[in-house]
Each structure stands twice: as structure tokens, then as C-alpha cells.
Amino acid sequence: MAEDKAETQAFTPGPGYRQFKGRDEFPSNILHGTLACAIWIGSMHFNVSLLLFSFLFLPFSKFLLVVGVLLIFVVLPIDHNSKFGLRLARYICQHMSSYFPATLHVEDINDFHPDRAYVLGYAPHSVLPIGVVTLAERTGFMPLPKLKCLTSSPVFYTPFLRHLWTWLGASPATRKNFCSLLEAGYTCIVVPGGVQETFLMRHDSEVAFLKSRRGFVRIAIEKGCPLVPVFAFGQSYAFKWWKPRSKFLLQLSRAIKFVPMLFWGSFGTPIPYQHPINVVVGKPIYVKRNPQPTTEEVLEVHGQFVKALQDLFERHKGRVGHADQSLTIL
């Protein structure tokens, strides 16, 4: 076992290896980076802060007016091709890539073809999977012109957030939507661990909740799309956090599709710490298309993906400054 681990750690970049450094690709400064983070991450806090302020300091009639305005934004149609929205999304992606800074490592860029759809299995979720910014279509590092990141459905019922995240390339993480996107040629970024991975995360090691997550593998087989392991090193240090651990909290988190927890970044704000993030994209696992895969077939491919992710972690952790870190796959 020790020999296998040593072997996986010895990654030697080949001719297809590519490295994209956010700070080199998108010159920025602390003000632009902070503003980009504040717009993307702070937008999650804006609605709560606005409601609390209105309830505590405004007349009740004005509070109801604020609630009404927010409800309008819940149903307001989203212009997916809005020039303002796409320009804002590009600003956020590029300046956030420079802020941490974030670096994308692709083991072999030649494995990815612009006319094919892939399923990128991303880990870990951490407090927020902010490393996906390196994979976003608006960032432009990957040679894939059609990219979507599947996100928890409540986001798309949240005022302002639903517009912003749609422009950033997010889409609801439902089976129907997942299948439709792959059929339309979109590469989909999936964070399989989801809410449960956030609930199980630890301070002393990385956690990937994967052993019982097979739905994304089944869909990849049904559509004949290659599975690609992706791991984000350093993402877990972007925030400090505290959460109670109880069965009730886990059940509540599953019901509302996010984990109620306290997290904070620079100066106690939602702005993440400037800790380098290295996102590593492994080699695709090619699958034979089968509209009705058997349980055994799904288990076999799922096992390949879990092993590929573990090997990816071991191969690269020393190269990106996390040699002492361990990964627990649950």
C-alpha cells in the first residue's frame, strides 16, 4: 500500500500538462478582488441583512414593502444573455481567480475536446466550493465552450442570488436538468458530496463524501459522458467555521439543502482569506453509453472514480504545498 501511495505521489508533467495562474492571467489588485468576492459571496448575506434591518429599524409598512420587492425578484425572469450580467460574471470570475490566487492544473489538456460533454466530479465542497471559479466558462481556462455548475435548488429561489449565479454559469442540481444539459452538449461540474460533505468536514483533514453518491455516475453512463475527477487544494482554508454536530442538524440541512453554520473570513466578514487555491483536473474516465446501466456497472465505474480521485489527491498534494494533508473518503 505504501508503494502504491509513493507511486501516485510521483506526478511528472507531460506535454499535455497545463497550468493557469489566476494572478498571471488576470492582473488585479486587492480592491477589485475584495469587491468581486463581496458581490458573489456577500450576496448570500445581503437578503438576510436587508430583512433584519428593515424589520428592526423601519416602520412595519416599509418592512412589508421590502418583503414585496424581494418576492418580485424571486419570480422576475432572468435574461441569460444580459450584457450587464455576463460582464459582471466575467469580472467576478477573473478578479476572484487573482484574489486568492487560484491556479488551475490540468494533467492533460489534450484529453478535453470542445465538442464533447464531460461530468467533472469536484471535491471537496468545503464551506463553499469557491475553487470552481477556475473552471467557470467566464474564466476561460478550460477548452470547453459550454460549462455549467450544478448548484443546490434553493439558490434559484433567492432574490438577487438567482440572477447572479445564473450569469456565473450555475444551474439547478436536479436529475432532469442534469440530463438535459449533457444532452445539449454542456459539460457539468458536480459537487457529489453536497450538503452532507459540508456537514462532515473537519478542521484537521479533507473529507470527500462519495461512497454512497452514485447518481452522478449513473447519469454519466446513461449519457455516455466521461467522468473527470477534480480536487481543490487550499479551498478549505478560505474560511474559518463552526457548526454543531447533531442528527437534527443533518436532517435539517438535508431538508433545506444547506448547512446552518457560522463561517467567516477576513476581519470576521464573508470575504474569504487570501489563501492560495490549487484546483487539479485529472484524466477522464471513459464510459460506454448505456441508457439503462445495471447496478454492477454503476458500482464498477463509481469505484474507478473514487480511486481516481484518491490517486489525484496523492499525486498532487506535495506539488501544491499540502504534503502533510490527508483525504478521508466516506
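This is a predicted model: local features need pLDDT of at least 70, side-chain atom pairs count only at pLDDT 80 or more; totals for chains, interfaces and linings use all residues.
**A mixed sheet and its surroundings**

Trainee: In what order do the 8 strands of the open sheet run?
Mentor: The 8 strands make an open sheet with mixed pairing. Strands here are DSSP runs of E, at least two residues, and helices are runs of H or I, at least four, numbered from the N terminus; two strands pair if DSSP finds at least two bridges between them. Reading across, the order is β1-β2-β11-β8-β3-β6-β4-β5.

Trainee: And which are the edge strands?
Mentor: Look for strands that pair on one side only. That picks out β1 (18-21) and β5 (170-172).

Trainee: What does the twist average from one strand to the next?
Mentor: Axes are lines fitted to C-alpha atoms (for helices, over the stretch in contact), and angles run from 0 to 180 degrees between N-to-C directions. Going from one strand to the next, the average twist is 25 degrees.

Trainee: Before we go on, what pLDDT do local features need?
Mentor: Residues are numbered from 1 along each chain as its sequence is written, and side-chain values use heavy atoms, with hydrogens and water left out.

Trainee: Which residue is the bridge partner of Cys149 in β5?
Mentor: Strand β4 (residues 147-151) and β5 run parallel, joined by 3 bridges. In β5, Cys149 is partnered by Ala170.

Trainee: What angle does helix α9 make with β8?
Mentor: Helix α9 (residues 215-223) packs on the sheet and touches β3 (119-123), β6 (187-190) and β8 (227-233), where contact means heavy atoms within 4.5 Å. Its direction against that of β8 comes to about 140 degrees.

Trainee: How about helix α11, what angle does that one make with β8?
Mentor: Helix α11 (residues 295-316) also packs on the sheet, touching β3, β8 and β11 (277-281). Between the directions of α11 and β8 the angle is about 35 degrees.

Trainee: Is Leu327 buried or exposed?
Mentor: Leu327 is found in strand β12 (residues 327-329), and beyond its sequence neighbours up to four places away it touches Glu206, Val207, Ala208, Phe231, Gln310 and Phe313. Buried means under 20% relative accessible area, exposed over 50%, partly exposed in between (1.4 Å probe, protein chains only). Leu327 has 10% relative accessibility, so it counts as buried.

Trainee: How many aromatic pairs are there?
Mentor: Rings of Phe, Tyr and Trp (its six-membered ring) pair if their centres lie within 6.5 Å; planes under 30 degrees apart are stacked, over 60 edge-to-face, and the rest tilted. Going by that rule, the number of aromatic pairs is 16.

Trainee: Why is the pair of Phe26 and Phe141 put down as stacked?
Mentor: The ring centres of Phe26 and Phe141 are 5.6 Å apart, and the pair is stacked because the planes sit at 15 degrees. Phe26 is in the loop between α2 (22-25) and α3 (30-57), while Phe141, 115 residues apart from it, is in the loop between β3 and β4. Both Phe26 and Phe141 are buried. The plane angle that makes the pair stacked is 15 degrees.

Trainee: Over which ring does the charged end of Lys146 sit?
Mentor: A charge sits over a ring if NZ of Lys or CZ of Arg is within 6 Å of the ring centre and within 35 degrees of the ring normal. Lys243 is one case, over the face of Phe199 at 5.4 Å from the ring centre. For Lys146 the distance to the centre is 4.7 Å, and the ring is that of Tyr186.

Trainee: What is omega for the peptide bond from Ala123 to Pro124?
Mentor: Pro124 is found in the loop between β3 and β4. The bond from Ala123 is cis, with omega near -5 degrees.

Trainee: Is Phe267 buried or exposed?
Mentor: Phe267 lies in the loop between β10 (262-264) and β11. Its phi is near 55 degrees, a positive value in a residue other than glycine. With a relative accessible area of 85%, Phe267 is exposed.
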